Amino acid sequence: MTIRHSWPVVIGRTLVLGFFFVIGCISILGNQLIGTFVFANDAVQKQAVINLTKKHFIALFGTITRWASPCKISITYDPSTLPEGDSFKVDPLGNLSSILSPNSVLISNHQLYTDWLYLWFILYTAKLGDSVYIMLKDLSKIPVLGVGMKNYNFLFLSRKWEKDKIVLTNQLLTIDANARGLGPANGVTHVTSTNVGSSELHHWPEGHKAGQIWPYLVILYPEGTVTSARTRAKSDKFCEERNMPVLKHTLLPRVRGLFLTLRKLRNTVEIVYDFTCGYSDLKPGEYGEDIYTLKSHYLKGYGPKEINYHLRGWKLSEIPLGEETEDIDDVSSEDLVKFEEWLFKVWYEKDRMLDQFYKLGSFVDPKSEVNYTAGKVAENTVVADFRINSIADIVGSFASLTIVILILRIIWMILLKLLF
């Protein structure tokens, strides 16, 4: 046991980081409330404030994570599958610097409850951390954090498809409209509504408007949950019922959420980034949620030492989405089967890449430098520290708290003069 893992250090670190995180989250929520109040009649500035607080949150949580358990990010990627210009490098200070395309969807296998943090961090290093939307189970009732995430317009799932499909469709169409400059972030209202069952779908103006547009990057995990002994058993059973090979390291993905997302964003989405995630200290058969629990990571300081990604990209034209329908459930069975086949193929390739990763410790064979799946020498790898590279983003998290303290100090000084 090292000094940083001794109980006195663990207790002290937990108290300091816990206080820092709670106060930071309250202050970020304060930033949102102050900004939306001040710019109540200015949709553009109000959206700008919300986006800025996204950057504040990833800076705050990223810093907490690094202080609790330092780690590195390793990204292996094939440039031939990505848009021209996409790249990753390490600056002289060891920080990750990324170039990625806006208006994109990110998919990945899911192993830890904090997986989304590392993907958000990568987008932060591409100066896109303020444009993130995450699809996840409904966390809106969590004090402070839940309200903040609702203000971010994160895509919450109730796990009831009849409800989720309407809520998600409206949120996705809003994100798409904002990316075209014709959404509520620009003060535009929807032009028509139609009923689907007992709910309304909102329709926004068509086309693109030059000027202020709002890019997006949607993060979602098609597996729907983290890999565990319980979810592995369910996935295996489903594979066997469909006479499909059992996956070793991933879960068979759910189709409808990603299918709906791509269809409703098809007017603006530029690329689908497919991240395959592996944790260097995990062994085949181990589950990340058992090894790297939130308690182990943030209290005891035993987090993953290196988060490894293999990245490839898919153009939307390469993905079978079929003809558009207002209600996603009205899609033809043929179109849905084609998309399902595409997604399952992606996931079985992902499973094979993870099989190599756990055998060799890398997504590229260190001896032959040949990618297991692609079968060609076309991979680049960068390794950088997981570290927020702008102190201003962390300081900005506490802006509203600073304002409150200054106001209280002014009031106190005035009272002192009046009373004495």
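Reader: What percentage of the 420 residues of the protein count as buried?

Author: Buried means under 20% relative accessible area, exposed means over 50%, and partly exposed lies in between, with a 1.4 Å probe and protein chains only. Here 52% of the 420 residues count as buried. Two notes on the source. This is a predicted model, where local features need pLDDT of at least 70, side-chain atom pairs count only at pLDDT 80 or more, and totals for chains, interfaces and linings use all residues. Residues are numbered from 1 along each chain as its sequence is written, and side-chain values use heavy atoms, leaving out hydrogens and water.

Reader: How many helices and strands are there in the protein?

Author: Helices (H or I, at least four residues) and strands (E, at least two) are DSSP runs, numbered from the N terminus. The protein has 12 helices and 12 strands.

Reader: What does the radius of gyration say about the protein?

Author: It is taken over C-alpha atoms, and the globule rule is 2.2 Å times the number of residues to the power 0.38. For 420 residues, a compact globule would come out near 22 Å; the protein has 23 Å, which agrees. Along its principal axes, the C-alpha trace spans about 85 × 65 × 40 Å.

Reader: How should I read the accessible surface of the protein?

Author: Accessible areas come from the Shrake-Rupley method with a 1.4 Å probe; for residues, only the protein chains shown count as cover. The total is about 20,200 Å². Carbon and sulfur atoms account for 61% of that.

Reader: What share of contacts in the protein join residues at least 24 apart?

Author: Contact means heavy atoms within 4.5 Å. Take the contacts between residues at least 6 apart in sequence: 77% of them join residues at least 24 apart.

Reader: Can you show me such pairs?

Author: Start with Ala-43, in helix α2 (residues 43-68). Ala-43 and Gly-183 are 140 residues apart in sequence, yet 9.8 Å apart in space, C-alpha to C-alpha. Not counting residues up to four places away in sequence, Ala-43 touches Pro-184, Ala-185, Asn-186 and Gly-187. Now take Trp-7, in helix α1 (residues 7-38). Trp-7 and Leu-299 are 292 residues apart in sequence and 10.0 Å apart in space, C-alpha to C-alpha. Trp-7 counts as exposed, at 56% relative accessibility.

Reader: Which residues have the most contacts inside the largest nonpolar core?

Author: A nonpolar core is a set of buried Ala, Val, Leu, Ile, Met, Phe, Trp, Tyr and Cys residues joined through side-chain atoms within 4.5 Å. The largest has 66 residues, and Ile-73, Ile-122 and Tyr-309 have the most contacts inside it. Helix α3 gives the most to this core, with 9 residues. Apart from this core lies another of 39 residues, among them Val-105, Ile-175, Leu-265 and Trp-314.

Reader: What is Tyr-309 in contact with?

Author: Leave aside its neighbours within four places in sequence. The contacts of Tyr-309 then include Ile-73, Ile-75, Phe-275 and Phe-363. Tyr-309 also meets Asp-115, Tyr-118, Leu-119 and Ile-122.

Reader: How many residues of α3 are buried?

Author: Helix α3 (residues 115-125) is mostly covered, with 11 of its 11 residues buried. Among them are Asp-115, Trp-116, Trp-120 and Thr-125. Just after α3, Lys-127 takes a positive phi of about 60°.

Reader: Why is α7 said to be largely enclosed?

Author: In helix α7 (residues 256-264), 7 of the 9 residues are buried, so the rest of the structure largely encloses it. The buried residues include Phe-259, Arg-263 and Lys-264. Their cover includes β4 (104-108), β5 (132-137), α5 (161-179) and α10 (333-360).

Reader: Where does Asn-243 lie, and is it buried or exposed?

Author: Asn-243 lies in the loop between α6 and α7. At 74% relative accessibility, Asn-243 counts as exposed. Asn-243 has a positive phi of about 55°, although it is not a glycine. Asn-153 also has a positive phi, near 65°. Asn-153 sits in the loop between α4 (145-151) and β6 (155-157). Its relative accessible area is 26%, so Asn-153 is partly exposed.

Reader: Is Ser-228 buried or exposed?

Author: Ser-228 counts as buried, at 6% relative accessibility. Ser-228 lies in the loop between β9 (217-220) and α6 (229-241). Leaving aside neighbours within four places in sequence, Ser-228 is in contact with Tyr-287 and Glu-289.
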